8 protein chains.
Amino acid sequence: MSYRHFIVGFTALGIVTAGGVGTALADTAPADTALADTTARAAVTRTDPGPFPVDHVLSNKSLVRAAAALVEAAKREGDQRVTMVIMERSGVIREVVRTRKAGPQTYESAKRKAYTAVAFGRPTSELTDNATVNQIPGTLTLPGGVPVIYRGFPIAGIGVGGAPDGRIDERIANAVLNAIYHSGKRKGARPSTRS
Amino acid sequence: MSYRHFIVGFTALGIVTAGGVGTALADTAPADTALADTTARAAVTRTDPGPFPVDHVLSNKSLVRAAAALVEAAKREGDQRVTMVIMERSGVIREVVRTRKAGPQTYESAKRKAYTAVAFGRPTSELTDNATVNQIPGTLTLPGGVPVIYRGFPIAGIGVGGAPDGRIDERIANAVLNAIYHSGKRKGARPSTRS
Amino acid sequence: MSYRHFIVGFTALGIVTAGGVGTALADTAPADTALADTTARAAVTRTDPGPFPVDHVLSNKSLVRAAAALVEAAKREGDQRVTMVIMERSGVIREVVRTRKAGPQTYESAKRKAYTAVAFGRPTSELTDNATVNQIPGTLTLPGGVPVIYRGFPIAGIGVGGAPDGRIDERIANAVLNAIYHSGKRKGARPSTRS
Amino acid sequence: MSYRHFIVGFTALGIVTAGGVGTALADTAPADTALADTTARAAVTRTDPGPFPVDHVLSNKSLVRAAAALVEAAKREGDQRVTMVIMERSGVIREVVRTRKAGPQTYESAKRKAYTAVAFGRPTSELTDNATVNQIPGTLTLPGGVPVIYRGFPIAGIGVGGAPDGRIDERIANAVLNAIYHSGKRKGARPSTRS
Amino acid sequence: MSYRHFIVGFTALGIVTAGGVGTALADTAPADTALADTTARAAVTRTDPGPFPVDHVLSNKSLVRAAAALVEAAKREGDQRVTMVIMERSGVIREVVRTRKAGPQTYESAKRKAYTAVAFGRPTSELTDNATVNQIPGTLTLPGGVPVIYRGFPIAGIGVGGAPDGRIDERIANAVLNAIYHSGKRKGARPSTRS
Amino acid sequence: MSYRHFIVGFTALGIVTAGGVGTALADTAPADTALADTTARAAVTRTDPGPFPVDHVLSNKSLVRAAAALVEAAKREGDQRVTMVIMERSGVIREVVRTRKAGPQTYESAKRKAYTAVAFGRPTSELTDNATVNQIPGTLTLPGGVPVIYRGFPIAGIGVGGAPDGRIDERIANAVLNAIYHSGKRKGARPSTRS
Amino acid sequence: MSYRHFIVGFTALGIVTAGGVGTALADTAPADTALADTTARAAVTRTDPGPFPVDHVLSNKSLVRAAAALVEAAKREGDQRVTMVIMERSGVIREVVRTRKAGPQTYESAKRKAYTAVAFGRPTSELTDNATVNQIPGTLTLPGGVPVIYRGFPIAGIGVGGAPDGRIDERIANAVLNAIYHSGKRKGARPSTRS
Amino acid sequence: MSYRHFIVGFTALGIVTAGGVGTALADTAPADTALADTTARAAVTRTDPGPFPVDHVLSNKSLVRAAAALVEAAKREGDQRVTMVIMERSGVIREVVRTRKAGPQTYESAKRKAYTAVAFGRPTSELTDNATVNQIPGTLTLPGGVPVIYRGFPIAGIGVGGAPDGRIDERIANAVLNAIYHSGKRKGARPSTRS
């Protein structure tokens, strides 16, 4: 009744696991996410948002960039036959891309990795030995799932499955994540701190 | 290839069906919804909201008021054995309340009414003869489903099923809708235009 | 063929696990449950109840109080994003409340905790290491599920999922349980032995 | 928007459909049901039943008699290959008996007939042309489903499917219903008014 | 690649596990099963049974006796709240009986025990530690499932779930098994070797 | 409440529809089926078959011939991209063959045709306008389903789907049926009455 | 037994429906499809392709272009909230893109349109009144589904759902189709015959 | 976080596991597979296959031979009651054959073995202790699944389940595999290197 009580949670994520996430996402999180969308922040901090508060979701444009990044990264990593699933916090699947010859198991694997990443706000590679997460139905704690963190909160998860080594899946997922973070920027104008 | 092509859609709802919705929701839509949350409106109208735009959802408090309104209205309407389902635009179910002795069909009926109302932005009682809607899987066009409209867009649907007359289901659903619209206000301070 | 044979059962609950339940529910079970509804008890003890005996279920009013208690407790415990499911002994789901931003896994987790609690008549936190229970499909033995005990029998289960520590889930579930036990009483008239 | 509004409901059943049910169940409803279990009636009529009111369900013994009646009636009606399903108001299936050589469709047919009968409180043979009922998912309005009415309320439904003529299914279902109504009595002591 | 290769199989059952089954079913297998139905045996032993060979299934009468035995045994064993499922070798469910107040998990547990028993031709209590069986989807190796063996072959499985100790479930299942084996005999004429 | 009562049933099939089946299967039913397996007939006609009566199923060899006939007939009929499903009376699927490039709908279509044919003992082409059959869940009354009749009883159904004209599906299904009827004979020794 | 027998089939598509498809796809089918991939054609026409013949599928690059075309067309058509599904002939879903605020029904609608288009080799707008197609499970014959035809055979289907008028859905689907047909060409080098 | 990263993948299969596959398939892979279909190879090696590249699938004829081999091998191995499933890389099931008296678990077991074999490009008997594979939903790593390898890539999987020893299942699966590899050859002309 001790270890199992604790689950990796996004609630405490801003404080407890900040370092971990910072490390995990070091090469993916853009430097300026903390500055974005101050308008929305106001809504979050007001005492009573009224009956219709807001949730952050993914733009359509980010999905286009994600598809391109997925195909490019899969090819770059050795022509991997993978499937990618992007799931929002609500559980809604916003995008699926199944590359050629991807195995029959890749959709379910990718979906579960995305689900696990957005549910617990951490890359699935950091949850491998988490007994609590493994016990929850629908999770999969093999590498290849990364959360889309916005203002310290997981608003979506990216899951990639099908590569022979989970670390390849995770590199591809991070390439997609990176493309999403830069979807609002002009093409070719990536911040220097990231190259 | 003529009538069937048209579906009732929320996209054109601001213009084409404004009157219909206005009529349908006349006794439920608070006078001041058009004024709320101008901060968020800015985000909607800007050219590029960035990778993480916002969606409006229901507050927790509104769910508490919805549950109370459902039970109260079901009793007032003659001790109806009904089930209520509230589904957001994403398809996520935010609340289910099944009153005592409600029949085994009431959950599915209520869910489908909520689904239909939020999908097409209209009360299900206005869609009864819509051949297109009836053909789409998962819909149910019996009365008892009403959309939660916010800024001309259906952000959720309320479905009620189980009463012997669909109009009773609809009255109960409207009572719940009314309670949600007033969730952000102080208790006991309902606007005079509504009483 | 020794340990595994034993499952925690409500049948023997009146004797074997009375102490355990007493401890577990110490701060939730009202002092007077043992005295309530002597009318119904008569039916239970008579030799042949006829073709249509009775089962105890939850009142509608108790569901309203449960929703309010869930939202209040989730906020008090640090704005937890949780989902609550209340399932009766028959397996019927009487209520679902999903708070804002609750993760995609919370419905299933909460449902399974409610299911486990009502099936075995114990808080899920006491079943964590029970190999038999863990083998039965549909169970989840993480903390956060508590049974609604009435006359020594589990008539319903409350499941809460989504907090980063299962003990928080359990505290919220107990707050809901407490609200249900007091649903039949006048508001503001909680017995002094419980405050 | 007129006819479709009305559904056959058990709420109005005490008044509107009393005759119909009386007719339908003339040879099955025992004369003394109105007298039974006055203890429970008290609970129903009191203003506030507290948090744990009661529902009426089927006794175990009635299931044994139902199985025997099903097999006997199926044989008597010409060795019909039928399946019987008994579903309670909660939706719980209490009993399934599939006779030898019953077709693969009989379970689903019988289940849907039981579901329809308990949901709407009428024999399915009376709902054949009810457009509203036919639109609700899970219903089947072919003859062969009969409700178990207790104190004017449908507490269960019996569905039988597989005979070449639905009226045979219905006769078999009524034989089962009759057996259930007499489950509380001594064997061989059927009331003279019924033979 | 050694232990896991072996699964308990009915094919080798006549030889390898004959003793085990004999022990397990000692108080349930009628002494004369080996003598029954010599007509059918002829068909089995002929070289080519033609396009339409035969399988043995359960009679309708045996289901009636099974229901009675289940209710009686459940009561005798301390008023256990159990569900029984009888599944034939084809996977068809011939009978379900859910006693009053049986928990929501009992149907699935009973079904899986019946499935496991008929699939592997052994009581589930003998398969508890069988890693292979435990890996196959749909199995449950808690006590309470017993096969109906006819001419050395499992033609059906009986599963019982819900008692606090699996050995109680198994005793009830064996009582049902016994009733089935005697379904073809005159009532009251049980062979002396079995009492 | 008249026409709908009647369903096409195998029970009355020996008498009422004998001609129809005779016509429908004229070029498929072997002349000597009526003579086959007199051993088994004895079991059918005895008063009490004991607890373990027999059902007729398909031999393994007949499945091999069915697969060959399906592929050959599909090619002969113009290289049709079809799927075949063979379902026994119990609902068990004994064989599936999906030819190259068969559409995604062909499995479900073929399965439902097989299901309908075995459930009602008639070719689906004879059930097209049967309102009762069309109302039963899981049926499909497009041509392409034919029953395997043995001693006047449908022991299996063959469903074929995917051809642009249902009559082609039906011809292919009949070719498979014919192959099954001859599975027990020596190759090349087809009865002259059939060529 | 006349009209219903005929289904729109791709088999006869090269001849019977060539005109229809030519018309329907006039602005989408590239002029040179008939010339492409003569290598593969050889395989198709040879008598025996051996055990491992080939099927044509979609390239990864075409999926990237499809995602971009979908988002662009949805915006151009009035910011439609639609979901797109691309399904191959095997039934495998290669891509899903759900635009922001798309309703909960859009995934299922889009999937069924894609399924119908690839199954029958025609735009769903041409199948609206086809009674046979409408009877087959899983189909949806509202406009918005278009097949990807390659060498006269439907190798995939594109389904779009969510616009208030099905013709808008179909225009968007055709824009995606067009993008796929040009995926193999250099960007900016569209053939003049198509603009 | 080391071992678990690695999954058995077909991508690296040409190099890393070539020996293993060679060994595993030694008595099943025909000597001339490496020479087959040089036409298709050209397509694979060209830089850009255009929008419609090709996948290799199974011929119809190979399915006929597979069915025959399955039944023959099952009989030869001691009249095993097994089910065989053949699944292509896309996940499509091309063939199912369920032999007489095969248990209710055999379909699911066979399907999962086929799925696992085609997903990971190895016999399931080589994956028994692979923690990664075991964690992926839908897999089953008991012996009996073998991949159909063509040009170093798994284009299908054959799964067999039901024998009491998994090695028997695997032998039967290999017999089927062998039959498929020889489907394109003249009957009776098996290469001498294989007998």
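Predicted model: local features only at pLDDT ≥ 70, side-chain atom pairs only at ≥ 80, totals over all residues.

Residues are numbered from 1 along each chain as its sequence is written, chains are lettered from A and ligands numbered from 1 in the order in which they are written, and side-chain values use heavy atoms, with hydrogens and water left out.

**One chain: chain A**

- Chain A has six helices and five strands, where helices (H or I, at least four residues) and strands (E, at least two) are DSSP runs, numbered from the N terminus.
- Read from the N terminus on, the elements of chain A follow the order α-α-β-α-β-β-α-α-β-β-α.
- Chain A counts 195 residues, of which 63% are buried; buried means under 20% relative accessible area, exposed means over 50%, and partly exposed lies in between (1.4 Å probe, protein chains only).
- When contacts (heavy atoms within 4.5 Å) in chain A are taken between residues at least 6 apart in sequence, 65% of them join residues at least 24 apart.

**How chain D relates to chain B**

**The interface of chain B and chain A**

- The contact takes 25 residues from chain B and 25 residues from chain A.
- Chain B and chain A bury about 2000 Å² between them, with 63% of it on carbon and sulfur atoms; buried area is the accessible area (1.4 Å probe) that two parts lose on being put together, summed over both.
- On the side of chain B, P51(B), F52(B) and V57(B) lose the most area to chain A, and together they make up 31% of what that side buries.
- By class, the side of chain B that touches chain A has twelve nonpolar, eight polar and five charged residues; Ala, Val, Leu, Ile, Met, Phe, Trp, Tyr, Cys and Pro count as nonpolar, Asp, Glu, Lys and Arg as charged, and the others, Gly among them, as polar.

**The interface of chain D and chain B**

- Here the contact takes 24 residues from chain D and 25 residues from chain B, and the area buried is about 2100 Å², of which carbon and sulfur atoms give 58%.
- Two salt bridges are found across the interface of chain D and chain B, and the side chains of D55(D) and K101(B) meet in a salt bridge with N and O 3.2 Å apart.
- The elements that give two or more residues to the side of chain D that touches chain B are β1 (54-56), α4 (106-120) and α5 (131-135) of chain D.
- Among these elements, α4(D) gives the most to that side of chain D, with four residues.

**Salt bridges within chains**

- Side chains of opposite charge can pair when their charged atoms come close.
- Over all chains, the structure holds 72 salt bridges.
- E108(A) forms a salt bridge with K111(A), the closest N and O atoms being 3.8 Å apart, and the two are separated by about one helical turn because they are three residues apart in helix α4 (residues 106-120) of chain A.
- E108(A) counts as partly exposed at 22% relative accessibility, and K111(A) counts as partly exposed at 24%.
- D165(D) and R167(D) meet through their side chains in a salt bridge of 3.1 Å, N to O; D165(D) is buried, with a relative accessible area of 9%, whereas R167(D) is partly exposed, with 33%.

Terms used. Salt bridge = Lys/Arg side-chain N within 4 Å of Asp/Glu carboxyl O.
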